[in-house]
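This briefing covers side-chain links and aromatic contacts. Please keep the sequence and the coordinates at hand while reading.

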Amino acid sequence: MTSRLVLGVTALAVAACATAASSRKAGTDLERALAGRTPGAPVDCIDRSFAGGPQIIDGNTLLYRSGRQVWRNDLEAQCPSLRPTSILIIEAHGSQMCRNDLFRATEPGSAVPGPICRLGRFTPYEKPKG
């Protein structure tokens, strides 16, 4: 009985360390992507034709690139199936991606997408000219 308890506690500790390391990496990736950029006013929609991406930072944050701008999308709620390797299936209508558009994440080679998630507002980050 005691050995099962020790194994359970050890497994929890390993999982906590992995989660902390993943969180640190996401923070570093986000800092690197937005370094030297100034945030603008958030908007509800961006034009899909000029948005390159997404770069998946974590289960809460996506980045889209367009020239000198990076658009940060903070999802309406955490998307539990979102991983850096995920492929997004976005249900966008028209030529724009907008707040509350639905999407699902799937892993390469998988035929089963994850739960439905929603995009949040898009905050532009722009590098100063110079």
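How many aromatic pairs does the structure hold? The structure holds one aromatic pair, where rings of Phe, Tyr and Trp (its six-membered ring) pair if their centres lie within 6.5 Å. The model is predicted, so local features need pLDDT of at least 70 and side-chain atom pairs count only at pLDDT 80 or more, while totals for chains, interfaces and linings use all residues. Residues are numbered from 1 along each chain as its sequence is written, and side-chain values use heavy atoms, with hydrogens and water left out.

**Aromatic pair**

- The ring centres of tyrosine 64 and phenylalanine 122 are 6.2 Å apart and the planes meet at 55°, so the pair is tilted; planes under 30 degrees apart count as stacked, over 60 as edge-to-face and the rest as tilted.
- Tyrosine 64 belongs to strand β4 (residues 61-66) and phenylalanine 122 to strand β10 (residues 122-126), so the pair ties together parts 58 residues apart in sequence.
- Strands (E, at least two residues) are DSSP runs, numbered from the N terminus.
- Tyrosine 64 has a relative accessibility of 2% and counts as buried, and phenylalanine 122, at 0%, counts as buried.
- Buried means under 20% relative accessible area, exposed over 50%, and partly exposed in between (1.4 Å probe, protein chains only).

**Disulfides: overview**

- Two disulfides turn up in a search of the whole structure, a disulfide being a pair of cysteine sulfur atoms within 2.5 Å.
- With bonded cysteines counted along the chain, the disulfides of the protein chain follow the pattern 1-3, 2-4.

**Cysteine 45 and cysteine 98**

- Cysteine 45 and cysteine 98 are joined by a disulfide with an S to S distance of 2.0 Å.
- This pair links distant parts of the chain, 53 residues apart: cysteine 45 is in strand β2 (residues 45-47) and cysteine 98 is in strand β7 (residues 96-98).
- The link of cysteine 45 and cysteine 98 is right-handed, with 115° about the S-S bond.
- Cysteine 45 is partly exposed at 27% relative accessible area, whereas cysteine 98 counts as buried at 16% relative accessibility.

**Cysteine 79 and cysteine 117**

- A disulfide also joins cysteine 79 to cysteine 117, with S to S 2.0 Å.
- This pair links distant parts of the chain, 38 residues apart: cysteine 79 is in the loop between β5 (69-74) and β6 (87-91), and cysteine 117 is in strand β9 (residues 116-118).
- The torsion about the S-S bond of cysteine 79 and cysteine 117 is about 75°, so this disulfide is right-handed.
- Both cysteine 79 and cysteine 117 are buried.

Key:
Helices (H or I, at least four residues) and strands (E, at least two) are DSSP runs, numbered from the N terminus.
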